[in-house]
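Visitor: I am looking at a protein for the first time, and I would like to understand the words used to describe it. Could you take me through them, setting each value beside its cut-off?

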Amino acid sequence: MEPQTSNTQEEILNDVQTALGVSSDEHDSMLRLYIKLACKSVALYTGEDYDHLPNALTGIITEMALAKFAKRGNEGKTEASEEGLADQWSEDDLSPYLSQLNAYRDNKARSGRKGWVMSLD
């Protein structure tokens, strides 16, 4: 399994920009911060080294960065509403991804292999 590198974080940035439909670098510094925060949270939860996160975790990091971007301006809140539209968020940024992160940790612990997640779809 390849460790995550700064090049991988650039790939995550590109994926986040694509998902948001952003073609300029106007939000890059904010997106890089969200990616860094997501990497640190995932590393702490999984016990992986922040500087060497496995590529298997990049999907979760991408989703977390997108969620943080969607929540910007409402940090610290669990809900917000405007003109009849309401948004709700978990207090803990990891909560929506715990099933995936737990599967990663459990599989890593059982197999002795670092970072494998299997799906039998």
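Visitor: Which residues is F69 in contact with, leaving aside its neighbours within four places in sequence?

Guide: In this predicted model, F69 is in contact with L20, H27, M30, L31 and Y34, once the neighbours within four places in sequence are set aside.

Visitor: Why is F69 called buried?

Guide: The word applies to a relative accessible area under 20%, and F69 has a relative accessible area of 8%, so F69 counts as buried. F69 belongs to helix α3, where T58, I60, I61, T62, M64, A65, K68 and K71 are among the other buried residues.

Visitor: What makes T62 buried, and which residues does T62 touch?

Guide: The relative accessible area of T62 is 12%, and because the limit is under 20%, T62 is buried. T62 also lies in helix α3, and its contacts, leaving aside neighbours within four places in sequence, are I12, D15 and V16.

Visitor: How do you know that the length of helix α3 agrees with what a helix should span?

Guide: Helix α3 runs over residues 58-71, which makes 14 residues, and at 1.5 Å a residue these should span 20 Å. The expected span takes 1.5 Å times one less than the number of residues, and since the end C-alpha atoms of α3 are 20 Å apart, the two values agree.

Visitor: Which members of the largest nonpolar core touch the most other members?

Guide: Of the 21 residues in that core, I35, V42, L57, I60, I61, M64 and L101 touch the most other members. The elements giving two or more residues to this core are α1 (6-20), α2 (28-46), α3 and α4 (98-111), and α2 supplies the largest share, seven residues. As for I60, its contacts, not counting residues up to four places away in sequence, are V42, Y97, Q100 and L101.

Visitor: Why is the pair E10 and R32 called a salt bridge?

Guide: The side chains of E10 and R32 meet at 2.4 Å, N to O, and because the cut-off is within 4 Å, the pair qualifies as a salt bridge. E10 lies in helix α1 and R32 in helix α2, so this pair ties together parts that are 22 residues apart in sequence. E10, with a relative accessible area of 32%, is partly exposed, and R32, with 37%, is partly exposed as well.

Visitor: What makes E48 and K108 a salt bridge, and where do these residues lie?

Guide: Their side chains meet at 3.1 Å, N to O, and because that value is within 4 Å, the pair qualifies. E48 is in the loop between α2 and α3 and K108 is in helix α4, 60 residues apart, and the pair links these distant parts of the chain. E48 is buried, with a relative accessible area of 6%, whereas K108, with 22%, is partly exposed. The structure holds two salt bridges.

Visitor: How do you know that the charged end of R105 sits over the ring of Y45?

Guide: A charge over a ring must be within 6 Å of the ring centre and within 35 degrees of the ring normal, and the charged end of R105 is 4.1 Å from the centre of the Y45 ring. K40 likewise lies over the face of Y50, at 5.8 Å from the ring centre. Aromatic pairs number zero in this structure.

Visitor: Which pattern does the protein follow along the sequence?

Guide: The pattern reads α-α-α-β-β-α, which comes to four helices and two strands. Of the 121 residues, 31% count as buried.

Conventions:
Residues numbered from 1 in each chain as written. Predicted model: local features only at pLDDT ≥ 70, side-chain atom pairs only at ≥ 80, totals over all residues. Heavy atoms only, no water. Phe/Tyr/Trp six-rings, centres within 6.5 Å; stacked < 30°, edge-to-face > 60°. Buried < 20%, exposed > 50% of the residue type's maximum accessible area, 1.4 Å probe, protein only. Core = buried A, V, L, I, M, F, W, Y, C linked by side-chain atoms within 4.5 Å. Contact = heavy atoms within 4.5 Å.
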